[in-house]
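Let's walk through a protein model together, one step at a time. Keep the picture open beside you as you read.

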Amino acid sequence: MAAVSAVWQRHSRGQKLARTVLWLLVAAAVAASLKGIDVIWEFLWDAPEQVADMAWRMWPPDLAYYPQEVHKALMETFHIATVGTIFSMLFALPLAILAAHNLTPNKALNLFAKTCLVASRSVNSLVWALLFVAVFGPGPMAGTVAIAFRSIGFVGKLLGEALEEVHFGAIEALKAAGATQTSQILYGYWPAVKPAFWSIMLLRWDINIRESSVLGLVGAGGLGMIMNAAIDTFQWERVATILLTIFAVVVVVEIVVTFFRRRLI
Amino acid sequence: MSMVAAKSPPSGGDPPFHSSWQARIIALLVLVYAVYALGQLDFSFDRFVKGLDSGAHFLARMFPPSYKNWDQLLTGFIESMEIAVLATFFGVLISLPIAVLGARNLMPGWATWPARLIVTLCRAFNPVITAIIFIKAVGFGALAGVLALIVASIGFVGKLFMEAIEEISMKQIEAVRATGAPFMSVVIYSVLPQVMGRLVGFCSYQLDSNLRNSTMVGIVGAGGIGGVLFAAFQRFEYDFVLAILITIIAVVLAGELASNHVKRIFRV
């Protein structure tokens, strides 16, 4: 009888080695970062005092400011996020189709679409806003286009992956019946990815509402713009009102999204 | 016989795959809203065309990307990496106990709701807003960025990790509990092994997202490559801006490839 190893081990030696190396790498990265980052410790120690001071200045929130300017800015933020999401949908659909290798059996086109999607995702919406403020001038238009550009990568990536996971049977049946590429997309792929598509759009809309509330910091309209003005003039009671508004909007949007998602799935 | 006849569609009725009247109404409403909102955002066609014109101008000034200030780019990037690594490490470290406390299948109600409240609060504000508040608290620089991204990481990893724990199989927990193991042993031997793979996935995603967000918090003065980018923007050095953007995209791509390898190591 062959000798059997007495001790059971979960991982092979190679796996163990890979894991150990990985843990060491993590430890080294954290240690190097701790050493490399310059922290002014005096500033950290008086942080509680500073926060208390800020809270003191913020209290009580200047609620009378809401009807004056905050409401208008809030509606602007809402429009930026929603229109940006609708725009991103229009551009993300063709890119997702190009990126899915089962729909577009062309390596070069796949790579091109994927590069576009990665570029769109890697650049932050605030950076996109900075670029578009330089192009269109300050205002909500720059914000809307920035939101759309940032969302294309997100929606396109997730939608492309959903398209790649579509079951081949239905498509083959359509092909056998002589369906054109357009009919295959409309009657084979679309019904299969429809729930995923709407849930991706809802998720992105939720994120966009949050993101468009800060785009104004670089001049792209919405709540961020009046917040920047209030911070620059040290009107912390107004900042508190704006922060409360953002918090309320985030909560409401979360409830709305949860409601629609439940109806979708 | 009559049953079968009733089931077959009437001739001349709705074609297959027709859109329902609800779908049509919603599509119409969205269209009407889009037109209204575009008016509110003063989106006009000639403004768009004018913008395209200045956009072409802008693009022309961006090319070719200039790497002549590569030393600024490098220091900014190293700082961004440090911010991302520290924020991910401490964010995950803090969100682990919060997630265990917030999981409804492990903890009673009095423990779950405060943990859930913390996670919701951390998720509510964009990292930029948190960064502004931390800049006020600890001054300009990388520390404010690290703190802001730690908050964001707790919000994200904490929520997903909590949900992952809630989805685990209770059988293994019961088995470990039946041996008389204390709570910590239950967590270490029956909860963690079930969620470890997903946790590694969340962490690598969070590292990636923190690296991307560290470009954003830099714009408001919280250190990293974002500060360099914003300074270049204000000096109208658009060719350097493009160089920074290209580098960010390249690093994010490299990070995505690396995280795939890490996930493979831990999934076995």
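In which helix of chain A is the place of Ala196(A)? Ala196(A) sits in helix H9, residues 181-212; helices here are DSSP runs of H or I with at least four residues, strands are runs of E with at least two, and both are numbered from the N terminus. Before going on, note that this is a predicted model, in which local features need a pLDDT of at least 70, side-chain atom pairs count only at pLDDT 80 or more, and totals for chains, interfaces and linings use all residues. Residues are numbered from 1 along each chain as its sequence is written, while chains are lettered from A and ligands numbered from 1 in the order in which they are written.

Back to our starting residue. Ala196(A) has 18 other C-beta atoms within 10 Å, so it is partly exposed. The cut-offs are simple: a residue with 20 or more other C-beta atoms within 10 Å of its own is buried, one with 12 or fewer is exposed, and anything in between is partly exposed, with C-beta atoms placed from the backbone. The C-alpha atom of Ala196(A) is 7.0 Å from that of Ala162(A), although 34 residues separate the two along the chain.

Now look at helix H7 of chain A, residues 140-164. Its 25 residues reach 36 Å from first C-alpha to last, close to the 36 Å expected; the expected span is 1.5 Å times one less than the number of residues. H7(A) also has a kink of about 30° centred on Ser151(A), where the bend is the angle between axes fitted to the seven residues ending there and the seven starting there. Most of this helix is covered, with 22 of its 25 residues buried.

Next, find two phenylalanines in loops. Phe234(A) lies between helix H10 (223-232) and helix H11 (236-264) of chain A, and its phi is near 55°, a positive value. Phe236(B) lies between helix H10 (225-234) and helix H11 (238-267) of chain B, with a positive phi of about 60°. Most residues other than glycine have a negative phi. Phe234(A) counts as exposed because it has 9 C-beta neighbours inside 10 Å, and Phe236(B) is exposed with 11.

Let's step back to chain B as a whole. Chain B has 11 helices and 0 strands. Its radius of gyration is 26 Å, well over the 18 Å that the globule rule gives for 268 residues, so chain B is more spread out than a compact globule. That radius is taken over C-alpha atoms, and the rule is 2.2 Å times the number of residues to the power 0.38. Of its 268 residues, 39% count as buried.

Finally, how do the chains meet? In all, 49 residues of chain A are in contact with 47 residues of chain B, contact meaning that C-beta atoms, placed from the backbone, lie within 7 Å. Helix H1 (residues 13-36) of chain A gives the most to chain A's side, with 9 residues. That side divides into 35 nonpolar, 10 polar and 4 charged residues. Here Ala, Val, Leu, Ile, Met, Phe, Trp, Tyr, Cys and Pro count as nonpolar, Asp, Glu, Lys and Arg as charged, and the others, Gly among them, as polar.

Note on methods. Contact = placed C-beta atoms within 7 Å.
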